[in-house]
Amino acid sequence: MNNKKVKMITAFSITWPIFVEMLTHILMGNVDTFMLSHVSDNAVAAVGVTRQLLDFSIILLNLLGLGVGVIIAQYVGAKNFNDASKIAASALTLNFVFGITLSILFVLNRDLLLSFYHLSPELMELAEIYLLIVGGTLFLEAIMLTIGPVIRSHGFTMDTMYVGIGMNVVNVIGNAVLIYGLFGFPELGVMGVAMSTAFSRILGFIFLLFLLYKRIQVPIVWRDYIQIKWREIGMTLKIGVPSGLEWLSFHFSQMMVTKMVTIMGATALATHIYASNIVLFFMLIGMAIGEGTEILVAQLFGAKKVEEAYHQLLRSLKWAFTITVGIILIVSFFREKVLLIFTNDLEIITIGSAILLFCILLEPGRVFNHVVINSLRAAGDVKFPLLMAIISMWGLKVPLAYLFGIHLGFGVLGVWIAHACDEWVRGVIHYRRWTGRKWERKLTQHIESVQAS
């Protein structure tokens, strides 16, 4: 008999490790930006633009991960541990194949992919180096994006948190050695950052694979990786694909907006990249609470505790909103000092300060989307957020970014105003979707599918 137990979880116990894990991932990117800022603003801009392409690919790789986390949490809530492990194995196999394909694509076609941004020759050279190394290890990210949700869905969010912290430490040490040439190593700049990121991924993959076998209820055997459970994978993709397409819509729209910023010049692009990295900290609370609430709500749905799940989302949203606003106010008060950490360019600091101050209006709207959409996904209501993403991002954000940023001459700040309009419109509509409880019709179908397996 299996003596393993599913970890008992509460909203706080499941959220704070996710918060720390996300913090380490954000710190990894910001540490890269901070260290490269001592090399040149061009290095920062090149890596920042390249990461948009990589973020796009990670969304593709996460199509299964987004669905796996929900489906396995529902199976865990229903005490169906055997199928939970088999679904995890099938997802790992499929994402590994997909990851290898994307890695090859980035390595062989990096110049073509980067040509979208019309970078200067100097920026293009730096961006190609970063994309070659980091893009070549994307298949490891594909596996980690599948293992992580499986472990978290069993309640062990601290495991993935520790791996995230370890990867961050390795990345910082690697950056210091390879960017600044410590201990006799050459000063490699952007190449050093890329090599450090790749090495931390290798270590993260090894530890997550070990934790997967330690934490799941029913051990995965080799035949589980070969005998794909297509029906359950189909259930997973019904959640993962619309959710992934929603994120793809976001990142495609961000890529279009960034392309507009590149037209404004290198200073505008560097300002946009610095501000985007700082704003990630504002988003952290909502993202963590949203993901933690999704796991908890999915388990409650699997256990047929619908009313408890409904009110859990409302409680989580209140706390996410309150804490996020508090953090925004603190950071905006010290906005110039924060920007001085990254650059001494007065023009960048002036424009960046205006953007950070404006985020007092932007970020509360974003909180609704981070928290509510996750719980809608747990209920199987994934097509509505996708529809809203397409309508609002492409019908509102992108046209307004051109209007405010370029036509009316507001520059980078105009682009961020357009972003705020999109977040608030979608946020309010998603909140009304949850309180209107139209998602309950989708939920019934998903619960019946889990129990029939």
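Buried means under 20% relative accessible area, exposed means over 50%, and partly exposed falls in between (1.4 Å probe, protein chains only). Keep that handy for every view below. This is a predicted model, where local features need pLDDT of at least 70 and side-chain atom pairs count only at pLDDT 80 or more, while totals for chains, interfaces and linings use all residues. Residues are numbered from 1 along each chain as its sequence is written, and side-chain values use heavy atoms, with hydrogens and water left out.

**View 1. E232 pairs up with K229.**
E232 is buried, at a relative accessible area of 7%. Its salt bridge to K229 has the closest N and O atoms 3.9 Å apart. The rule for a salt bridge is a side-chain nitrogen of Lys or Arg within 4 Å of a carboxyl oxygen of Asp or Glu. By that rule, the count comes to 15 salt bridges.

**View 2. E363 and R366 form a salt bridge.**
Here the closest N and O atoms are 2.6 Å apart. The two residues sit 3 apart in helix α14 (residues 346-378), so about one helical turn separates E363 from R366. Helices are DSSP runs (H or I, at least four residues), numbered from the N terminus. E363 is buried at 1% relative accessibility, and R366 is buried too, at 4%. Shared partners link salt bridges here, joining E363, R366, D422, E423 and R426 into one network.

**View 3. R437 sits in the loop between α16 (412-436) and α17 (440-452).**
Take a look at the backbone: R437 has a positive phi of about 60°, although it is not a glycine. As background, most residues other than glycine have a negative phi. R437 also makes a salt bridge with E440, with the closest N and O atoms 2.8 Å apart. E440 is partly exposed, at 29% relative accessibility.

**View 4. Helices α10 (residues 230-263) and α15 (residues 383-407) pack together.**
Their axes are 9 Å apart and meet at an angle of about 5°. Each axis is a line fitted to C-alpha atoms over the stretch in contact, and angles run from 0 to 180 degrees between N-to-C directions. Contact means heavy atoms within 4.5 Å. Among the residues making it are L245, F250 and M256 of α10 and L386, W394 and Y402 of α15. By class, the contact has 17 nonpolar, 3 polar and 2 charged residues.

**View 5. The largest nonpolar core has 70 residues.**
A nonpolar core is a set of buried Ala, Val, Leu, Ile, Met, Phe, Trp, Tyr and Cys residues joined through side-chain atoms within 4.5 Å. Inside this one, L36, Y130 and W416 have the most contacts. Helix α2 (residues 41-77) gives the most to this core, with 12 residues. Leaving aside neighbours within four places in sequence, L36 touches residues including A43, V47, I179 and V193. A second, separate core of 36 residues includes L140, M144, L211 and M235.

**View 6. S196 lies in helix α8 (residues 190-215).**
S196 is buried, with a relative accessible area of 3%.

Methods: Ala, Val, Leu, Ile, Met, Phe, Trp, Tyr, Cys and Pro count as nonpolar, Asp, Glu, Lys and Arg as charged, and the others, Gly among them, as polar.
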